[in-house]
Amino acid sequence: MTLATRETMPPPEGPAVGVCATARIATAARGGTTTLPVLDGDGPFELRRLRSRGTEARVCIIGAMTAPLGGDRLRIEATARQDTALHITSAAATLALRGPTPYHATYDVQLTVEEQAQLHWLPKPLICAAGCNLRQTWTVDLALTAQLVLREEQILGRTGEPPGHVASRLTVRRGGRTLLDQQAEYGPGAPGWDGPAVLAGHRAAGQLLIVDPAFEDKPPEVQLIRNAPEDGQAILTPLAGPAALVTAIAPDSLRLRRLLDAAQTTSRHPAPRAGPPQDLFARSDHRGR
């Protein structure tokens, strides 16, 4: 792993001091496969090429320093160009900590998927340690023939400690029109976050978003995925577009992952389609191996 030092600089807004860093990933189609002409890590982002799988290029994000801390401004930009397939994972969970300032940290992810392209965004969980204050956004722009699998997991607090505060927003546009726009906020200061209408005492929350034009002909059905009551539960719902959203809550990371895996396995399999991208369901593992 490449070691990096934590250099501080003024963020673009407010008097907070922290790290400002951006990582950029972009693909290109060449000879029937996907290449990575842009793979540029910065600050805490060390980007590693993984072995390709079929026509798919695979990238692992490795944390080169502790981040995000209070006052940090972090951003990842990833673009799957036309006729390419890109899989992004991470080497370990992301740990959000309080840091040396009382100001919030930001972690923004911008994903773009062009025509006949496919993107898997499947990092390890985000752990919100006690005292952290994080604002996280995902902004996704999809072409009409693009395919997407986006998975995110949030763990509220480490073992034996109270949760930190995290506010997140996911905005997905398809063909320039909004497909999904939702916000969530957990932890101290968020109204009702631990009540029966939200997490109901659980400490892990996650979702899996699948966008596939094949759903236009065979949309998924609503499904409730649940084992024992103490293991949490997940629900799969079709969106007003060729997409399905799985939302899950659980007591811990392990049971959350099992719920998301079960929801993905039991969901309706989309019909095969022509073109370079492979089957979304068969390839959406989050292990990064």
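Is Arg 24 buried, partly exposed or exposed? Hello everyone, let's start there. Arg 24 is partly exposed, at 37% relative accessibility, where partly exposed is the range between buried (under 20% relative accessible area) and exposed (over 50%), with a 1.4 Å probe and protein chains only.

A word on the model before we go on. This is a predicted model, so local features need pLDDT of at least 70 and side-chain atom pairs count only at pLDDT 80 or more, while totals for chains, interfaces and linings use all residues. Residues are numbered from 1 along each chain as its sequence is written, and side-chain values use heavy atoms, with hydrogens and water left out.

Back to Arg 24, then. Its side chain meets that of Glu 77 in a salt bridge, at 3.4 Å from N to O; the term needs a side-chain nitrogen of Lys or Arg within 4 Å of a carboxyl oxygen of Asp or Glu. The two partners are 53 residues apart, with Arg 24 in strand E1 (residues 20-30) and Glu 77 in strand E5. Strands here are DSSP runs (E, at least two residues), numbered from the N terminus. Glu 77 is partly exposed as well, at 25%. Glu 77 also forms a salt bridge with Arg 75, with 2.7 Å between the closest N and O atoms, and Arg 75 counts as partly exposed at 29%.

Glu 46 is buried, at 18%, whereas Arg 48 is partly exposed, at 30%. The structure holds 15 salt bridges.

Now for the pockets. A pocket is an open set of points on a 1 Å grid over the protein atoms alone, where a 1.4 Å probe fits, with protein on both sides within 12 Å along at least five of seven lines; lining residues have an atom within 4 Å of a point. Volume is the space filled by probe spheres set on the points, which are joined across faces, edges and corners.

The largest pocket has a volume of about 500 Å³. It is lined by 31 residues, and the closest to its centre are Ala 92, Ala 93, Thr 94, Leu 95 and Tyr 107. Which strand gives the most to this lining? That is E12, with four residues. By class, the lining has 21 nonpolar, six polar and four charged residues; Ala, Val, Leu, Ile, Met, Phe, Trp, Tyr, Cys and Pro count as nonpolar, Asp, Glu, Lys and Arg as charged, and the others, Gly among them, as polar.

The second largest pocket holds about 230 Å³ of space. Of its 19 lining residues, Gln 182, Ala 184, Tyr 186, Gln 207 and Thr 247 are the closest to the centre. Two or more lining residues come from each of several strands, including E12 and strand E18 (243-250). E14 gives the most, with four. The lining has 10 nonpolar, seven polar and two charged residues.

Last stop, the surface. Val 222, Leu 224 and Ile 235 form a nonpolar patch with about 280 Å² of accessible area together. Patch residues have over 30% relative accessible area and no salt bridge, with like charges joined within 9 Å and nonpolar side chains (Val, Leu, Ile, Met, Phe, Trp, Tyr) within 5 Å. Areas come from the Shrake-Rupley method with a 1.4 Å probe, and for residues only the protein chains shown count as cover. Ile 235 lies in strand E17 (residues 233-238) and is partly exposed, at 34%.
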